[in-house]
Amino acid sequence: MMLDGSSVGAFGGAGSNNLAVGVLHHTTLIGSGRVGWRLIDQRLVTKARFTSYIPAKPTEEFKKAETALDAYGLAILENHRGTGRETDAIRLLSATVPLSTSAVDLYELLPDWEGTPTTRDLPLSPRTRFLLDLSDATDEIPEAFADEVRAYARDLKEMNSQIVITVTGQAWHRCRPKLADLTATIPPRRAGAVIRAHLMFHQPGALDLLDLETVRAFVAELDEGGASPDDAVKVAERLRVASAADIDHAIDELRKWKPYIDEQLDSRKPDWADRRILLISAAVLNGCPSPVVATAARGLAKALGHELPLFRALESEGWSRRLREIGVTVADDCTWVDRDKRGVDHAIFEWLWNEHPELRDPVLQWTRDLVADPKTKKYARRIIGVIAHAVAECRNAELLEALYTQLKSQRAEAYRGLVEEAVEGLLFHPAVAALTQERLWRWAYRGDRAAFPSLAKLCGGRFGKEQPFVAMARLRHLVARAELPEHRAAAAAALRGLAREPRLRQPVLEKVVSWARDTFTSGLIMLFDAQCDDTVVDQLVRDASGDPRARDLLVEAWDLLTSDKDQNQVADVTAGWSAQRDMKRIDAPTLARVWQPIVQRLLDNSREATFLAAMTPETRADTLQFAMTQSPTTGPDGPGEAPAPSLVEAIPSDASPARSELATDSEQDYNNTPGVQLTVDDDASRGADSNPASAVPTAMPSPSPPVRRTWAVSAVRPAVPHRSAVI
């Protein structure tokens, strides 16, 4: 895909100035093929270039990447997620811009390959810097990709452009031998250095906290444990809002209350099962009424096969004593775990998930029962929120699939909207956006019936509007697999919802046309529906009236539709557009120009064209109308009865556009349309203009005084100066 250089920022200068970091800003630019673009936040990158940067030690691997990028226009950064590869990539790409230049436009590529990665759809643009993150590749990338990448980098180098690719060691295993000279494993920075740099950049006043003994000990603990830069940034963000008075509390929170949780949930202590069950239930239902917590505790005990009797009477001494023992607060008959331990409720669930994998299945089943149980389903938002929070913190696909199980559950009708809301939030969560988008692709590909409407709603909602390229790739599978009427309606509503956005209308149409070129036209049928309440056909025609490219795309779309094997749905769509045209909701001359190539194709090289040309307009209109409504039709099973009158025929004759509306400047272009023409006297056509039979394809009326006009059929004599009218 070649892009004009004016569409992206220009780059210049040489040399590598080791300056800076930036963060990705979720602004999507529509791309062609299967690769979208996302601009890396200009403001943050610009600020970061003029602040200190933490060099990697030792520096050999970074220098290797820098040399590869300068010499070949390509560098591959290999390491685990959270080790700072994106930061290093942004630094490398921005290093060749002179310090005096404040603007640095860097773009993250958003590939959406259905199979193995390929460079076929990657953009070629002059003086552009790209970042391609392949960290979410779960399978080994085939070695053929290495050859493609090297060739692609040569093309970029010739255009003074560069690309940095970030990968994991597992995914890059097969490609590494072929690209060993371009692959670098930059060691992660120590957590303490990242924390200090982050605070210096965002809130220098918080640097004093690093001198406190408690904080120094905690930072040393992070360094010794090899905490990732990603975790270090989270620590710095928490310290930004902390004060010296509550620093101990903040550090306990950063430790995810591990000492407290270990004490309460230590499985080596005998006769503590009911206590642990109560704490887990109180954590998941934090802030809910005490009777609900008690019901949930009994349900969890049953799910875990616990036979000891739990407390049934909330007023009993045992219940109150147990609550005091686990540090739970009761206020207004609601049970709170986090009143003096912020975040401990989520930390308990995460601890259970990470420390006891054998309990995952029964615990997830327990949460599914809670949102369906009449006694606890009122608090489904809280329960689903706990799972969604754990997905983001643990970056766990199994938990994400648990949400999807809820989404497609037959029992989920009452709370399905809550699950949709949770998944939508994860589609934008920095930690798991890529994972959630990848899973959404899989779910759309499966096309599970119960989840179908929800998946379509997700693709056509906020996700579709903010990341339309990625959403359309998933919507494609839903459109292709929409078999039931309700599924087709859901997919169609998502498509039209996106197309109602002016900035997305043409990209959506382009995508749907590409689907029709490849395999199926059902997307066009959905998008072109003119008989629904949310139709967009008027907007599509309006775009085509003022934009030649939009008109050409619409012409191609109709050409694909009329070439499809199943013409029954196409006939319905055609009738709907005709009705919209007759009711003056869409521009008649523009629609005529869109449909003209199709009609011309019917008449070209036809022996009957001369026969039709010899008729007067009124005779021709009546004859065609009679033939279309009375003659047998040929369908998949052979000739059959003539169809009932179409929607177009039901439109009253006074709904036809006035002559002055049809005689527009755009009609002048019709005369230049290739093909033979029929010339008739306008005097003879006046009667047909008021005849209901003229609702079928016939010559367009022209204003007085009488002039000669043409109908694109067949030449019978040389044309004289005229106004053109086309079907």
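Buried residues in H13 are Val344, Asp345, His346, Ala347, Ile348, Phe349, Glu350, Trp351, Leu352 and Trp353 (buried: under 20% relative accessible area; exposed: over 50%; partly exposed: in between; 1.4 Å probe, protein chains only). This is a predicted model: local features need pLDDT of at least 70, side-chain atom pairs count only at pLDDT 80 or more, and totals for chains, interfaces and linings use all residues. Residues are numbered from 1 along each chain as its sequence is written, and side-chain values use heavy atoms, without hydrogens and water.

**Helix H13**
- Ten of the twelve residues of H13 are buried, so the rest of the structure largely encloses this helix.
- The cover over its buried residues includes helices H9 (258-265), H10 (273-284), H14 (360-372), H15 (380-394) and H16 (397-407).

**Aromatic pairs**
- The whole structure holds nine aromatic pairs (ring centres of Phe, Tyr and Trp, its six-membered ring, within 6.5 Å; planes under 30 degrees apart are stacked, over 60 edge-to-face, the rest tilted).
- Trp441 and Tyr445 are stacked, at 5.4 Å centre to centre and 5° between the planes.
- Both lie in helix H18 (residues 433-446), four residues apart.
- Trp441 counts as buried because its relative accessibility is 16%; Tyr445, at 44%, counts as partly exposed.
- Trp558 and Trp595 are edge-to-face, with 5.3 Å between centres and 80° between planes.
- Phe528, Trp558, Trp577 and Trp595 form one aromatic cluster.

**Charges over rings**
- Arg481 places its charged end over the ring of Tyr445, 4.3 Å from the centre (criterion: NZ of Lys or CZ of Arg within 6 Å of the ring centre and within 35 degrees of the ring normal).
- Arg462 lies over the face of Phe428, 3.7 Å from the ring centre.

Terms used: Helices (H or I, at least four residues) and strands (E, at least two) are DSSP runs, numbered from the N terminus. Contact means heavy atoms within 4.5 Å.
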